[in-house]
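Here's a walk through a two-chain model, one piece at a time. Have the sequence and the 3D view open while you read.

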Amino acid sequence: MIRLQNICKRYPESGEILAQIDLQLDDGEMCFLTGPSGSGKSTLLKVIALIEAPTRGKLYFDERNVTGLNKSSISSFRKKMGLVFQDHRLLNDRNVFENVALPLRINGFNPKDIPRRVRAALDKVNLLNKEKSSPISLSGGEQQRVGIARAIVHRPRLLLADEPTGNLDPELSADIMKLFLDFNQIGVTALIASHDVSLITGFNKKILNLDNGRLVN
Amino acid sequence: MKNKTTQGTLNTQAILWFEHHIDSFKLSLNRAINGPVAFIFTALMIAIALSIPISLYVVFSSVQQLTNQWDSDKQITLFLADQVNYKQAQQLAESIASKKEIANAVAINKQAALDEFKQQMGLDSITENLPQNPLPHLIIANPEATLSDFESLQALESELRDMKQVQQVQFDLLWFQRLQAMLAVINRIQWIVSIVLLLAIALIIANVIRWEVTSRHAEIEIIKLVGASDAYVRRPFLYSGFWLGISGSVLALIIVSLCSWLIQQSTTTLSSLFGSDFQLTSLSIDLASLIIISASLLGVGAAWVAVTHKLKLYR
């Protein structure tokens, strides 16, 4: 589904962040990406999400080269993805319901279907009773779950998560990871970056190790 | 069947597009209401900048109205040749009056002219001593009020001068010419000031929108990350520009109306003392709507430029 071919990313100020990354993620596969901080995990996810353009190399989505897409194609490409960030990135001027509904509204879902889909997503992350709350009034774990609900509400084919448990205690972290596992079981391809090796080893999924911008086995 | 589905999707897309416009409309209005101080300050700034060209227009068109009144007073005096008698003068006046450039023309008997001259000047004793009436018969003609350009007035004057019964023509064209030239200068100033201030308004709006985009950086980033197109991100900002334009222009119209009302109070006394019915032109509904529509479009345009420029930073 996703194939990276010799991807390099270099910033003028900080040098080479990613070097010769070859990586393939099959349909329905779930994969963890780990490595020390500064090893390039976030940059790799940003390249896959087309937030950052690679300096060299090619990125294929369903065997279609998406490396040099223009802005409008990028936005329609993003509709196939769900993104989860360490800092949740919720809109604090809207309630939980509206935050989760955002991808549906933007991606042109039928307004009549929106409440049903939003509630289904909130139900999966166990926040059905919080739909009217403001994100600021929620705990860190709850905010992260709202972020996850927003990432999966439009049934993306690919889920990318960057340190989704970075600010959470071990018990909550395990819960969040189990959520991703659940989504993977219903067919969503997932790539989850986490530095917490002890957390991810227990799930029996492929683990990619990134060190100094290179994939190591 | 497939066609039907495509048609259905198209309809849904159109409805969604329309709904997002309504959402953006409400959202931008909400933002304005939630940050009233900033919004009101900007709208007032636009209003003041816009009220200057509008008041210039009001003053200029009032002055023009006044000079039109003077124009209609413009009078051509024809001094006839000595050998022309009063009866011939009357016939000539009639034929002049029938010209399409002339509104009316009357012959004045030289005796009546002398009497009037005596009365006005109080020169009884001097005129008493004259062996005969030195004045010829006169014709006083008024050109049509619609005849207002210098060239046709000049043509009319020389046409009258060329008549063999006419000895001399008195017509203050130079004064008229000066007035027209002065009005042309004022008109030009009005245009330049208007263009400069419209540019200033566009810059004010663009700057405010730029600032708004910057302050919503995080939000725009998130919306882009869940797949929003540039047009989707741009829409609420375009409406913000629209709100600034429309409220600025409405405020400007209120300011100008208030000022002309205040000024009108004093001009009424002044013009009544001068025996003139001078009045400040009031803004017509047509012009007011034109101002509001143009200012709103200016707001949208300025916002478009500002947002599009800023959106280049986002992928």
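This is a predicted model: local features need pLDDT of at least 70, side-chain atom pairs count only at pLDDT 80 or more; totals for chains, interfaces and linings use all residues.

Let's begin with Lys312(B), which sits in the segment after α10 (285-311) of chain B; helices here are DSSP runs of H or I with at least four residues, strands are runs of E with at least two, and both are numbered from the N terminus. Lys312(B) counts as exposed, at 63% relative accessibility. The cut-offs are under 20% relative accessible area for buried, over 50% for exposed, and partly exposed in between, with a 1.4 Å probe and protein chains only.

Residues are numbered from 1 along each chain as its sequence is written, chains are lettered from A and ligands numbered from 1 in the order in which they are written, and side-chain values use heavy atoms, with hydrogens and water left out.

**Where the chains meet**

Chain B puts 21 residues into the contact and chain A puts in 25, contact meaning heavy atoms within 4.5 Å. About 2,000 Å² is buried between chain B and chain A, with carbon and sulfur atoms giving 60% of that. Buried area is the accessible area (1.4 Å probe) that two parts lose on being put together, summed over both. On the chain B side, Leu225(B), Val226(B) and Arg315(B) lose the most area to chain A, together 40% of what that side buries.

Five residue pairs are in polar contact across the interface of chain B and chain A, both residues being at pLDDT 80 or more. A polar contact is a pair of N or O atoms within 3.5 Å; within protein, one must be able to donate a hydrogen and the other to accept it, and residues adjacent in sequence count only if both atoms are side-chain atoms. Which elements of chain B each supply at least two residues of the side that touches chain A? They are α1 (2-34), α8 (217-225) and α9 (230-273). The most comes from α8(B), with six residues. By class, that side of chain B has 10 nonpolar, three polar and eight charged residues. Here Ala, Val, Leu, Ile, Met, Phe, Trp, Tyr, Cys and Pro count as nonpolar, Asp, Glu, Lys and Arg as charged, and the others, Gly among them, as polar.

**Salt bridges**

Over all chains, the structure holds 22 salt bridges, each a side-chain nitrogen of Lys or Arg within 4 Å of a carboxyl oxygen of Asp or Glu. Three salt bridges are counted between chain B and chain A. Here are some of the pairs:

| Pair | Closest N to O |
|---|---|
| Arg94(A) and Glu219(B) | 2.8 Å |
| Glu221(B) and Arg89(A) | 3.3 Å |
| Lys41(A) and Glu163(A) | 3.6 Å |

What about Glu221(B) and Arg89(A)? Glu221(B) is in helix α8 of chain B and Arg89(A) in the loop between β6 and α3 (96-106) of chain A, so this pair joins two chains. Glu221(B) is partly exposed at 27% relative accessibility, and Arg89(A) is partly exposed at 24%.

In chain A, Glu163(A) lies in the loop between β7 (158-162) and α6 (170-185). Its partner Lys41(A) is in helix α1 of chain A, so the pair ties together parts that are 122 residues apart in sequence. Lys41(A) is buried, with a relative accessible area of 6%, and Glu163(A) is buried at 8%. The side chain of Glu163(A) also makes a polar contact with the side chain of His195(A), at 2.9 Å.

**A helix with a buried face**

Now look at helix α2 (residues 71-78) of chain A, where Ile74(A), Ser75(A), Phe77(A) and Arg78(A) are buried. Down the axis of α2(A), these buried residues fall within an arc of 160°, so they line one face of the helix; the arc is that of the directions from the helix axis to the C-beta atoms. They pack against α1 (41-48), β4 (56-61) and β6 (81-84) of chain A, together with α8 of chain B.
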